[in-house]
Amino acid sequence: MSAGSAATEPRAAAELAARTSYGRLLAYLAREWRDVAAAEDALAEAFAQALAAWPGAGVPDHPEAWLLTVARRGLMRAGRRARTAERLRPVAELLDEERGAAEPSGSIPDERLRLMFVCAHPAIDEAARTPLMLQTVLGLDAARIASAFLVAPTAMGQRLVRAKTKIRDAGIAFRIPEPEDLPERLDAVLQAIYAAFGTGWDAITGTDTARADLAGEAIWLARVLVSLMPDEPEASGLLALMLHAEARREARVADGSFVPLGQQDVGLWRHDMTAEAEMHLRRAASAARPGRFQIEAAIQSVHAERARTGRTNWPAIAGLYDLLVTLAPTAGARVARAAAIGEARGPAAGLAALEAADAPDNYQPYWAVRAHLLSGSGDLQAAREAYERAAGLTADQRVRAFLLARRDRT
Amino acid sequence: MQYMLVFSEGQDAFDRRNDPEKAGPYWGAWTAYARAVAEAGIVVSGAGLQPPATATHVTVRDGKRHVQDGPFADAKEHLGGFFVIDVPDLDAALEWAARSPAASYGRVEVRPTLPPPPMPA
């Protein structure tokens with residue numbers, strides 16, 4: 001980390017250190033002390049002390065090492081107060097073992113991957129995994145996480161506290177899973193990252209209603225994961241998928257109105273992000289171990305080709321969805337497959353696939369796709385009703401206005 | 001569990017109800033939402049309310065009744081309507097609250113209801 005060199009302003013230096021190294025420091029302390037909550041408290045206190053001390057004394061040469069030392073001192077004091085001698089014995093051994101390696105060079109071992117596996121451990125409540133990862137690895141505050149997941153802040157706070165208590169009391173180990181467990185455990189990590197990005201991504205209408213407003217953070221997490229596990233094709237696949245979707249952010253709204261994917265101005269797509277996505281997807285494909293996220297990224301890659309060819313290859317997309325639903329039979333994938341079949345083989349085939357998709361009640365993408373297919377098949381009255389139902393189920397006012405306008409034109 | 005979704009709207013929203021250019025989208029959004037809630041089979045009760053200017057409020061103090069025009073608070077936002085819905089938990093209630101048009105331009109308060117009082121035998 002070169003946070004010290006650029007930092008003339010102490011507050012800016014502390015903030016830069018917080019942004020770039022919070023997760024690294026927390027992961028290291030949490031592993032050392034086997035207590036995420038205590039490590040968070042100590043690190044928060046260390047940052048507060050930095051803000052108080054650095055303006056007078058100047059920014060230290062190694063801000064991370066400074067913060068680590070102060071946080072450790074805090075943990076020692078708290079540990080003495082709590083008289084947790086038994087718990088500290090293995091910690092003391094770990095300290096002896098790792099201190100030598102960590103401090104002279106000023107570089108702190110990167111334990112964030114272990115922390116991610118802890119956050120997405122099967123013993124942790126599934127609803128807490130993504131929030132826990134966002135809070136510990138990226139340092140996001142609980143109130144913002146709660147809002148993004150549409151959960152009351154107090155409930156989210158309790159969920160996070162429970163999860164951290166479980167990690168400590170159940171003795172969940174900070175380690176990379178054994179090879180035989182790795183695929184399943186890695187999938188939980190990937191799912192947790194993708195949940196931060198938003199789950200309602202729908203290729204045909206683009207009604208990403210469940211988008212959780214944390215897209216940038218999710219991409220950051222995926223970049224960290226890819227840097228730590230460069231040989232895992234699904235990690236690269238997930239990053240490629242999210243970059244493809246993010247590349248279209250600007251094109252999704254024009255004059256304050258929602259624009260579906262098929263009508264987006266390709267000139268507004270971020271071609272640098274698309275190119276980066278393609279690079280990750282190619283690297284993933286070279287491992288010849290296909291998976292859910294690589295296929296979803298490949299679907300987005302076909303959509304992206306429209307910028308070059310001027311048309312969308314729907315048969316290719318439908319074929320990829322066939323493959324996707326065998327690997328990851330989620331409602332979202334089945335509904336999106338029906339939409340793709342509707343484009344590739346006509347509305348009747350799409351409707352048949354949609355009815356077979358077994359979508360949950362009140363599932364907004366089902367109604368949006370149904371409306372689109374019904375209007376294509378000429379059943380206009382039913383299409384209007386479905387457009388209205390889809391409008392009533394979205395939480396995005398631009399999507400709502402778009403769907404009601406479609407209804408009025410149908 | 002039953003929750004009340006209380007929709008608060010600013011005066012500009014009440015004005016939109018009768019604006020020839022804006023009434024269509026306003027009522028279209030609410031109608032679509034109300035139908036979706038109804039189709040979901042979760043409605044216990046609900047209603048939209050006439051604008052705050054139609055309100056009258058009553059107090060009784062020391063046996064004397066006072067009746068006054070208008071809503072009782074000079075708030076920026078006023079009650080525009082409500083639903084009582086029956087859903088499994090708060091997360092589900094919040095999801096329905098977020099889908100309401102008021103969530104995008106006003107605000108929605110979500111509160112669990114009290115159980116009904118015991119009936120005399």
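## Close-up views of a predicted two-chain model

**View 1. Polar contacts link chain A and chain B.** Across this interface, five residue pairs are in polar contact, with both partners at pLDDT 80 or more. The model is predicted. On the side of chain A that touches chain B, helix H20 (380-393) and helix H21 (397-409) each supply at least two residues. H20(A) gives the largest share of that side, five residues. By class, the side of chain A that touches chain B has seven nonpolar, four polar and four charged residues.

**View 2. Salt bridges join chain A and chain B.** The count between the two chains is three. One pairs the side chains of A:Arg389 and B:Glu39, at 3.8 Å from N to O. The cut-off for a salt bridge is 4 Å.

**View 3. Contact and buried area between chain A and chain B.** Chain A brings 15 residues into contact with 19 residues of chain B. The size of an interface is often given as the accessible area lost when the parts come together. Here the area buried between chain A and chain B is about 1,400 Å². Carbon and sulfur atoms give 56% of that area. In chain A, the residues that lose the most area to chain B are A:Leu150, A:Glu388 and A:Arg400. Together they account for 35% of what the chain A side buries.

**View 4. An edge-to-face tryptophan pair in chain A.** A pair of aromatic rings is described by the distance of the centres and the angle of the planes. The structure holds 13 aromatic pairs over all chains. Among them, A:Trp54 and A:Trp66 are edge-to-face, 5.4 Å centre to centre, with 75° between the planes. A:Trp54 lies in helix H3 (residues 36-57) and A:Trp66 in helix H4 (residues 63-82), so the pair ties together parts of chain A that are 12 residues apart in sequence. A:Trp54 counts as buried because its relative accessibility is 1%, and the limit for buried is under 20%. A:Trp66, with a relative accessible area of 24%, is partly exposed.

**View 5. A:Tyr366 and A:Trp367 form an aromatic pair.** The geometry is edge-to-face. The ring centres of A:Tyr366 and A:Trp367 are 5.2 Å apart, and the planes make an angle of 90°. Both A:Tyr366 and A:Trp367 are buried.

**View 6. An aromatic cluster in chain B.** One cluster is formed by B:Phe7, B:Trp30, B:Tyr33 and B:Phe83.

Methods
Residues numbered from 1 in each chain as written. Chains lettered and ligands numbered in written order. Predicted model: local features only at pLDDT ≥ 70, side-chain atom pairs only at ≥ 80, totals over all residues. Heavy atoms only, no water. Contact = heavy atoms within 4.5 Å. Buried area = accessible area lost by both parts, 1.4 Å probe. Polar contact = N/O pair within 3.5 Å; in protein donor to acceptor, adjacent residues only side chain to side chain. Helix = DSSP H or I, 4+ residues; strand = E, 2+ residues; numbered from the N terminus. Nonpolar A, V, L, I, M, F, W, Y, C, P; charged D, E, K, R; others polar. Phe/Tyr/Trp six-rings, centres within 6.5 Å; stacked < 30°, edge-to-face > 60°. Buried < 20%, exposed > 50% of the residue type's maximum accessible area, 1.4 Å probe, protein only.
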